[in-house]
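Okay, thanks for coming, everyone. Have a look at it first.

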Amino acid sequence: MPTRHLHPRSVIGIAMLLAIAAPGFANDQAKGAQAPVTISIEIGDRSDLERLSRQISIEDVRGTTVRAVVTRKQLEEIETAGWRWNVVPPRPKLEHTAMCADGWVEKTDREWTCYPSYQQYVALMQKYATDRSDLCRLVDLGATANLVRPHRLWAMIISDNPGDEEDEPEVLLTSTMHGDETSGFVLTLRLIDHLVRGYDDDSEIRALVDETEIWINPLANPDGAYFSGDDTVADAIRFFTTAGGSATEVDANRNFPGLVGGNHPDGNAWWPETEAMMVLAESNTFVLSANFHDGAEVVNYPWDAVPRRHPDDLWFQNLAGDWAALAQTDGPTGYMTGVSNDGTTNGYDWYEVHGGRQDFVTFFHGGRELTIEIYQSKLPPPAQLDDLWSWNRRAFLDFLGHAHQGIRGIVTDTKGNPLAATVEVLGIDRPEDGSTARTDPEVGDYHRLLLPGLYDLRIEAPDFRPREIFGVVVSEGEASRIDVSLHRAIRRPSGRSSPARGKVAPRFLEE
């Protein structure tokens, strides 16, 4: 239970303690920045953890020790509630040499042991799109909240025809929605480089790029990453900022509509960055996605908000386990074992999260998303970035390959026009989990990711007669192909009954 027998520290006492334990906090307070700090809290049982998760932004749980990031306001609230807490000493600041040198973008043999400035990041993304326009298309997802130092959210599409909609699975990789968790920022940038450079000579990479629409958004919270200036990530913070550039207590990974808790489980309006991701998810049909973080070493799979298991729980365990196993094999002894020996965890089993992106994408859009914690330390020293790449390079490529397993096909009408349809795996999919696959309405293609086995399908589209297909065999390797043509339903005039004789009337989906 929370400790309630302590004499509450006064607000002045909190400020003095923070000034001693984390001097930057006091300085930023003077500037109105409200920079957050990391604390640790001891809990008694699961009920403590569930209550605490609704008050503050938890980032790790080990046994009975909870690590969280809080603003001054939140610290005062949990202090009033009687929680015992300690400030975690701040990480040593990165030296200026941690940033990439001038000319880094133009180098063909650039090193990846540095952090780019914001301008270098944008310039490098633009360079890929210009130099390899046959493979790359740069997409502007929108503006961030900071109006004093404006930033944009950028995504790169990598495919053999990056401007066309094709019969291909769409995969999304994003990183650093928590601005101070930066390893994924550099690693996903390097993945773009690896795919582009390897396309001409590496058959595995060419196959992935030719058969997949790969979206990579390396930096989902540039306001937090470049909190004190566009030339350094040394002062990066976890949270979103205000229009004026000050820190908020809005956690990017609590700001989405919730599996439970309604549209705003965190009690905050959707931030511009959140809305941009919501529009991206709505306007595309991502069948597989990953969200990269730091602060632990584990691969986390749904659900985060509820204890029940996703209908594809075994498939998720396999997906997460493949990443972790490759990382453990390619990494040093002990890598990716901090939270569990096998490097994976169900989200809720670790700690409860409401309004997270993983649940949002998986539930509201029928996707399949993992949250991958790459490194135990936030803002890793630049020299460590090369190691992290070598430990996870094969896992990145293997993850993309998972988009080609299960059952795939195209759903059309009898004239060959693509349909916006759903593909239900009978006996597995459940409405309360939003787990049915959805076609891309522009092409009509679907990609239902499944483990090897025998499956029965039901394909439905509004105003069309549904079809059921039984005994579809899924084997290891490439997905089994089932193309489906649906006949338009005949609606009888009102007042006339349809003949029964054991036939089932068409079931129409709601718009």
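So, cavities: there are 5 of them of 30 Å³ or more. By cavity I mean a set of points, on a 1 Å grid over the protein atoms alone, where a 1.4 Å probe fits but cannot get out, and lining residues have an atom within 4 Å of a point. Points are joined across faces, edges and corners, and the volume is the space filled by probe spheres set on them. Before I go on, this is a predicted model, where local features need pLDDT of at least 70 and side-chain atom pairs count only at pLDDT 80 or more, while totals for chains, interfaces and linings use all residues. Numbering starts from 1 along each chain as its sequence is written, and side-chain values use heavy atoms, with hydrogens and water left out.

The largest cavity has about 150 Å³ of space. It is lined by 17 residues, and N253, R254, Y351, T371 and E373 are the closest to its centre. At least two lining residues come from each of β2 (57–62), α11 (347–350) and β12 (369–373); helices here are DSSP runs of H or I with at least four residues, strands are E runs of at least two, and both are numbered from the N terminus.

Next, the disulfide. Searching the whole structure turns up 1, counting cysteine sulfur pairs within 2.5 Å. C100 and C114 are the partners, with 2.1 Å from S to S. The link is right-handed, with 90° about the S-S bond. Both cysteines sit in the loop between β4 (85–87) and α5 (118–131), 14 residues apart. C100 is buried at 8% relative accessible area, and C114 is buried at 9%. Buried is under 20%, exposed is over 50%, and partly exposed is in between, using a 1.4 Å probe and protein chains only.

On to a sheet. This one is open, with 4 antiparallel strands in the order β15-β14-β17-β18; strands pair if DSSP finds at least two bridges between them.

Last, salt bridges: 36 in the whole structure, each a Lys or Arg side-chain nitrogen within 4 Å of an Asp or Glu carboxyl oxygen. How far apart in sequence are R481 and D167? R481 is in β19 (480–481) and D167 is in the loop between β6 and β7 (170–175), so their bridge ties together parts 314 residues apart. Their N to O distance is 2.5 Å. R481 is partly exposed, at 39%.

K378 and E181 also pair, at 3.8 Å between the closest N and O atoms, and both are buried. They belong to one network of salt bridges with shared partners, whose members include E59, R62, D251 and R254. And R254, remember, is among the residues closest to the centre of the largest cavity.

Notes
On a 1 Å grid over the protein atoms alone, a cavity is a set of points where a 1.4 Å probe fits but cannot get out, and a pocket is an open set with protein on both sides within 12 Å along at least five of seven lines; lining residues have an atom within 4 Å of a point.
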